[in-house]
Each structure stands twice: as structure tokens, then as C-alpha cells.
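Let's work through some exercises together, step by step. Have a look at the structure first, and then pick up a pencil.

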Amino acid sequence: MRIGFVGAGRMGAPMVRRLTGAGHQVRVLGRDDEKRAAIAELGAEPVSSPREAVEGADVAIVCVFTDEQVRELCPDLLDALPEGSILVLHTTGSPRTAEALAERGAARGIAVIDAPVSGGPHDIAAGTVTAFAGGPDDAVARAREVLTAYADPVLHVGPVGSGQRVKLVNNALFAAQIGVVAEGVRLGDRLGIDEATLLTALTHGSAASRALGGIAATGSADAFIERVGEFIGKDVAVVRGTASELNSDLGRLEALLDAAIK
């Protein structure tokens with residue numbers, strides 16, 4: 001397929017490499033010579049504007065950092081995309097953003113799928129990142145050929161906006177688990193247990209989780225939170241903002257989220 005890609009950064013670059021490796025024709029936005037050279041090394045065609053990246057594309061993929069960037073960028077992309085194409089949003093953000101873009105796209109025969117991912121660059125490089133896809137059945141089915149180049153599983157969780165809603169719950173629970181482990185480490189300290197010893201032991205018990213495993217591999221809860229703080233802090237802010245926007249709240253998760261981001 002012909003793919004237009006915007007956002008070839010920490011998460012996007014391994015997606016581009018997997019797409020080109022799967023035989024897709026990929027055009028990627030690169031805003032300066034250095035970035036365009038890096039894109040060429042991934043096997044894609046570098047271009048200098050977002051519109052140029054998506055013109056004539058079967059599928060356009062957006063993997064920028066914030067929901068605000070999606071809102072600024074995507075209306076123009078929808079104007080440039082051909083009828084019958086699909087816009088895929090990987091950025092974690094508001095369901096309302098995806099829904100508004102889907103409404104705009106429908107007027108031109110363009111489908112929008114919100115497909116935030118769970119996992120990191122290493123999962124994308126291995127083709128095993130999880131994608132939570134929200135959108136029309138036929139659009140998700142057509143996009144699956146593209147998404148499965150780097151995502152497995154691709155989970156169709158409902159209409160447009162559903163992917164973001166599932167991801168927000170996922171992120172809230174992951175951050176809360178980090179908060180739980182941080183509180184557990186403090187309890188262990190009060191009980192006189194060395195943190196590294198405690199973390200290693202807990203990974204073999206019923207308290208084991210992906211969050212605990214990541215913290216144990218890092219060596220301490222504080223070090224893990226410092227390492228992932230930018231991303232966890234962004235996700236927690238999105239969770240809180242979206243819950244408020246949807247007239248909801250996080251209940252007892254609030255205190256645990258505070259523990260995760262300090």
C-alpha cells in the first residue's frame with residue numbers, strides 16, 4: 001500500500017522501518033536535512049511537508065506526541081488525502097479529537113481510526129506492540145494489513161474514539177501499578193527490606209506485573225519513575241484531562257497516580 005507517515009520519532013521510526021520491510025511504499029515527513037537522511041536510511045521516501053507525505057496515500061499514519069499536535073495537523077491532512085483513504089491516529093489523546101476528525105473526514109469519504117498503542121519502541125521493532133483500534137469495521141479491516149506490519153495484536157475495540165477510551169483506562173491502570181509498587185517499596189523500607197532484594201523477590205510472587213518487572217529491571221522505583229517520568233506524566237495528564245472532559249473522574253486511582261508521578 002501507499003503510506004503517508006507523520007511523526008517518525010522514538011515510536012514512529014521503528015514503525016516506518018517495519019512498514020518498508022513489509023513492502024509498503026512509505027513517504028515520511030522530515031523537517032530538516034538530518035531527519036530526511038535518517039528517514040531514507042529506514043527505507044522510506046523523505047518529504048518536506050505533511051501534505052506531501054499524505055497526497056495519494058491509501059493510509060496516512062500520524063504518530064506525534066500530543067493531542068494538540070493532532071488537532072493542529074490533521075485537518076490539513078484530511079484536506080490533502082484522497083477519497084477512500086484512511087487516517088490512523090496513534091497518538092494517545094482525547095476521544096473527542098478522533099470523533100471530530102472522523103466527522104470531518106466522512107464529508108470527503110475518508111475514514112478515521114484512533115489506534116493508540118501499548119508498548120515501547122522495542123515492541124514495535126519486534127512487531128508485537130498492541131494497538132487498540134476504534135473505527136468502522138470496514139476501515140479497520142482495510143487498515144489491518146498496514147497495522148500488522150508492526151502491531152500484534154490489533155484489537156478492534158469499537159467505533160471511533162473507543163481506542164482512546166481503552167488506552168486511557170490502560171494507562172491509568174499502568175500508572176497506578178507503578179504507584180502501588182512505589183508504595184510497596186516504602187513499606188519494605190519501613191520493614192527493613194533492601195529495595196533491590198524486595199523487587200527481585202516480588203517478581204516471582206503473586207504481586208508480579210509488567211510494571212513491577214520494569215521497575216525491578218531498573219533497580220529501584222525512583223529510578224524507574226525518573227526514567228519514564230516524561231511519558232507517564234504526559235499519559236496521566238491526558239487521562240485526567242479526558243476524564244474531566246467526559247464528565248467522569250478517576251475515583252480511588254487518583255492517589256495512586258500521584259504516587260507514580262511524584
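**Exercise 1. Find which helices each supply at least two residues of the lining of the largest cavity.**

Step 1. The helices are H4 and H5: each of them gives at least two residues to the lining of the largest cavity. Helices here are DSSP runs of H or I with at least four residues, strands are runs of E with at least two, and both are numbered from the N terminus.

Step 2. Before going on, note that this is a predicted model, in which local features need pLDDT of at least 70, side-chain atom pairs count only at pLDDT 80 or more, and totals for chains, interfaces and linings use all residues. Residues are numbered from 1 along each chain as its sequence is written, and side-chain values use heavy atoms, with hydrogens and water left out.

Step 3. Now list the lining: Asp67, Val70, Leu89, Thr91, Ser94, Thr97, Ala98 and Gln164. By class, that makes 3 nonpolar, 4 polar and 1 charged residues. Here Ala, Val, Leu, Ile, Met, Phe, Trp, Tyr, Cys and Pro count as nonpolar, Asp, Glu, Lys and Arg as charged, and the others, Gly among them, as polar.

Step 4. The space in the largest cavity is about 30 Å³, and a search of the whole structure finds 1 cavity of 30 Å³ or more. Rolling a probe the size of a water molecule over the atoms shows where empty space is left. On a 1 Å grid over the protein atoms alone, a cavity is a set of points where a 1.4 Å probe fits but cannot get out; a pocket is an open set with protein on both sides within 12 Å along at least five of seven lines; lining residues have an atom within 4 Å of a point. Grid points are joined across faces, edges and corners, and a volume is the space filled by probe spheres set on the points.

**Exercise 2. Describe the lining of the largest pocket.**

Step 1. Start with the volume: the largest pocket holds about 1,500 Å³ of space. It is lined by 50 residues, and those closest to its centre are Arg10, Met11, Gly119, Pro121 and Phe231.

Step 2. Sort the lining by class, and you get 23 nonpolar, 17 polar and 10 charged residues.

Step 3. Look for the main contributor: helix H11 (residues 221–245) provides the largest share, 8 residues.

**Exercise 3. Are Asp235 and Lys234 buried or exposed?**

Step 1. These two form a salt bridge, with their closest N and O atoms 4.0 Å apart.

Step 2. Compare each value with the cut-off: Asp235 has 17% and is buried, and Lys234 has 18% and is buried.

**Exercise 4. Describe two backbone features, at Pro153 and at Asn247.**

Step 1. The peptide bond from Asp152 to Pro153 is cis, with omega near 15 degrees. Pro153 is part of strand S9 (residues 151–158).

Step 2. Asn247 has a positive phi, near 60 degrees, although it is not a glycine. Asn247 lies in the loop between H11 and helix H12 (253–261), and it is exposed, with 71% relative accessible area.

Technical notes:
Salt bridge = Lys/Arg side-chain N within 4 Å of Asp/Glu carboxyl O. Buried < 20%, exposed > 50% of the residue type's maximum accessible area, 1.4 Å probe, protein only.
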